[in-house]
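Let's read a structure together, one feature at a time. Have the sequence and the 3D view open as we go.

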Amino acid sequence: DFDLDDKFCDSHELEDAWNNMQIPEPILLFLSVLFNFNPQHFKNNNESMDDIEMDDDEIDECQISATKKRKVKALYQAMYYDVHRGRKRTPMHVMTAESIHTVCKSKTLINSLSHYGFSLGYQELLKYHDDMGSLIVNNS
């Protein structure tokens, strides 16, 4: 669980949710077959190379590129969001809506991506903005 439902989803909360995401073992195994990596190395990818005992020939087989890891995390979030029918937010969906809103404020584009399960809806995004504004006013 990303634990974003009761939060304002500021940049720190989204970054924490993204970095600390725990993919369940069966899903990680499925994704490891799909993306061709060893699931044991997915979780250990943040370790320094000094912490892992291996020959030089084995280093390339054990590392997972940042791009591949990002794709695995994104696909997991898309599946998670769809399984929960959009009721449980993920960092990717919040960041997608925020990014589009920051660049062009296109309600149509945000709602289109939401329709396909890749973003929050425009109304939900505006609710986040209102809630953050209220929090700032109340704390001032």
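Q: Which exposed residues sit on the face of helix 8 turned away from its buried side?

A: Start with the terms: buried means under 20% relative accessible area, exposed means over 50%, and partly exposed is in between (1.4 Å probe, protein chains only). Areas come from the Shrake-Rupley method with a 1.4 Å probe, and for residues only the protein chains shown count as cover. On helix 8, the face turned away from the buried side carries the exposed residues Gln123, Asp130, Val137 and Asn138.

Q: Before we go on, what kind of model is this, and how are residues numbered?

A: This is a predicted model, with residues numbered from 1 along each chain as its sequence is written. Local features need pLDDT of at least 70 and side-chain atom pairs count only at pLDDT 80 or more, while totals for chains, interfaces and linings use all residues, and side-chain values use heavy atoms, leaving out hydrogens and water.

Q: How many helices and strands does the protein have?

A: Helices (H or I, at least four residues) and strands (E, at least two) are DSSP runs, numbered from the N terminus. Here you get 8 helices and 0 strands, so reading from the N terminus gives α-α-α-α-α-α-α-α. Of the 140 residues in the protein, 31% are buried. The accessible surface comes to about 9,300 Å², and 50% of that belongs to carbon and sulfur atoms.

Q: Back to helix 8: what span is expected for it, and which of its residues are buried?

A: The expected span of a helix is 1.5 Å times one less than its number of residues. Helix 8 has 18 residues and reaches 26 Å from first C-alpha to last, close to the 26 Å expected. Its buried residues are Tyr122, Leu125 and Tyr128. Seen down the axis, these buried residues fall within an arc of 120 degrees, so they line one face of helix 8; the arc is that of the directions from the helix axis to the C-beta atoms.

Q: What do the buried residues of helix 8 pack against?

A: Think in contacts, meaning heavy atoms within 4.5 Å. The buried residues of helix 8 pack against helix 6 and helix 7 (107–115).

Q: Which residues of helix 2 are buried, and why are they on the same side?

A: Helix 2 (residues 25–35) has Leu28, Leu31 and Ser32 as its buried residues. They cover an arc of only 105 degrees around the axis, which puts them on the same side of helix 2. The face turned away from that side carries the exposed residues Pro26 and Val33. Helix 3 (39–43) and helix 5 (66–83) are among what covers the buried residues of helix 2.

Q: What happens to the backbone just after helix 2?

A: Look at phi. Just after helix 2, Asn36 takes a positive phi of about 60 degrees, although Asn36 is not a glycine. Asn36 is in the loop between helix 2 and helix 3 and is exposed, with a relative accessible area of 65%. Lys105, another residue other than glycine, has a positive phi near 55 degrees; look for Lys105 in the loop between helix 6 and helix 7.

Q: How many salt bridges does a search of the whole structure find?

A: A salt bridge here is a side-chain nitrogen of Lys or Arg within 4 Å of a carboxyl oxygen of Asp or Glu. The search finds 2. In one, the side chains of Arg89 and Glu124 meet at 2.4 Å, N to O. That pair links distant parts of the chain, 35 residues apart: Arg89 in the loop between helix 5 and helix 6 (91–103), Glu124 in helix 8 (residues 122–139). Arg89 is buried, at 15% relative accessible area. Lys127 and Asp131 also form a salt bridge, at 3.1 Å, N to O. Being 4 residues apart in helix 8, Lys127 and Asp131 are separated by about one helical turn. Asp131 counts as partly exposed, at 27% relative accessibility.

Q: Which residues touch the most other members in the largest nonpolar core?

A: A nonpolar core is a set of buried Ala, Val, Leu, Ile, Met, Phe, Trp, Tyr and Cys residues joined through side-chain atoms within 4.5 Å. The largest one has 26 residues, and Ile23, Phe42 and Tyr76 touch the most other members. Helix 5 supplies the largest share of this core, 5 residues. Not counting residues up to four places away in sequence, Ile23 touches Leu28, Phe42, Lys43, Val72 and Tyr76.
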